[in-house]
Amino acid sequence: MAETVDDLTINYEDGGIQTVKELDKKVLTKGAWATLLFRYQDWNNAKGEYGPDKYTIRRYQKQNGEYRQKSKFNISSKDQAKSIIEALSGWVGED
């Protein structure tokens, strides 16, 4: 497990193949609870290549000096990401 927020990653390797490739991350909050937004790609065995970009929001809690994942929300497509952006922009713009 990671000791710092900067060490958190969703990269994952299985059988010598990187099945989840992290492309970017944004730290949304730090502290005892950390929230991160990741952009990533999954490996497609059938095609032998990485699939389209996906996004996930992950919450981590620091316990005993290490961050542990507590929850996640996967955004599976660019269309879903755009819908979330549109909704949030509308709400934030209401100030």
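Lys-21 stands opposite Gln-41 in β3. The two strands concerned, β2 and β3, pair in the antiparallel sense over eight bridges, where pairing requires that DSSP finds at least two bridges between two strands. Strands (E, at least two residues) and helices (H or I, at least four residues) are DSSP runs, numbered from the N terminus. The hairpin of β2 and β3 has three residues between the strands, and Gly-31 in this hairpin takes a positive phi near 130°.

The model described here is predicted, so local features need pLDDT of at least 70 and side-chain atom pairs count only at pLDDT 80 or more, while totals for chains, interfaces and linings use all residues. Residues are numbered from 1 along each chain as its sequence is written, and side-chain values use heavy atoms, with hydrogens and water left out.

**Overall arrangement**

The protein chain contains one helix and six strands. Along the sequence these follow the pattern β-β-β-β-β-β-α. The C-alpha trace spans about 50 × 40 × 15 Å along its principal axes. Of the 95 residues in the protein chain, 22% are buried; buried means under 20% relative accessible area, exposed means over 50%, and partly exposed lies in between (1.4 Å probe, protein chains only). Among contacts with a separation of 6 or more, residues 24 or more positions apart account for 31%, a contact being heavy atoms within 4.5 Å.

| Residue | Bridge partner | Strand of the partner |
|---|---|---|
| Thr-35 | Arg-59 | β5 |
| Trp-43 | Tyr-50 | β4 |

Thr-35 is found in strand β3. Thr-35 is buried because its relative accessible area is 10%. Its side chain makes a polar contact of 2.6 Å with the side chain of Arg-59, which is also the bridge partner of Thr-35 in β5. A polar contact is a pair of N or O atoms within 3.5 Å; within protein, one must be able to donate a hydrogen and the other to accept it, and residues adjacent in sequence count only if both atoms are side-chain atoms. Leaving aside neighbours within four places in sequence, Thr-35 is in contact with Lys-26, Val-27, Leu-28, Thr-29, Ile-57, Arg-58 and Arg-59.

Thr-56 lies in strand β5. Thr-56 counts as buried because its relative accessibility is 0%. The side chain of Thr-56 reaches the backbone oxygen of Phe-73 at 3.2 Å, and a polar contact of 2.7 Å joins the side chains of Thr-56 and Asn-74. Not counting residues up to four places away in sequence, Thr-56 touches several residues, including Ile-10, Leu-37, Tyr-40 and Ile-75.

Glu-49 has its place in strand β4. Glu-49 counts as partly exposed because its relative accessibility is 43%. Beyond residues up to four places away in sequence, Glu-49 touches Asp-42, Trp-43 and Asn-44. Glu-49 and Ile-17 are 32 residues apart in sequence and 11 Å apart in space, C-alpha to C-alpha.

Asn-64 is found in the loop between β5 and β6 (66-75). Asn-64 counts as exposed because its relative accessibility is 80%. Although not a glycine, Asn-64 has a positive phi of about 55°. Most residues other than glycine have a negative phi.

**The largest pocket**

The largest pocket has a volume of about 260 Å³. On a 1 Å grid over the protein atoms alone, a pocket is an open set of points where a 1.4 Å probe fits, with protein on both sides within 12 Å along at least five of seven lines, and lining residues have an atom within 4 Å of a point. Grid points are joined across faces, edges and corners, and the volume is the space filled by probe spheres set on the points.

The lining consists of 15 residues, of which Leu-37, Tyr-55, Ile-75, Ala-81 and Ile-85 lie nearest the centre of the pocket. The elements giving two or more residues to this lining are β2 (17-29), β3 (33-44), β5 (54-63) and α1 (78-92). α1 gives the most, with six residues. By class, the lining has nine nonpolar, no polar and six charged residues; Ala, Val, Leu, Ile, Met, Phe, Trp, Tyr, Cys and Pro count as nonpolar, Asp, Glu, Lys and Arg as charged, and the others, Gly among them, as polar.
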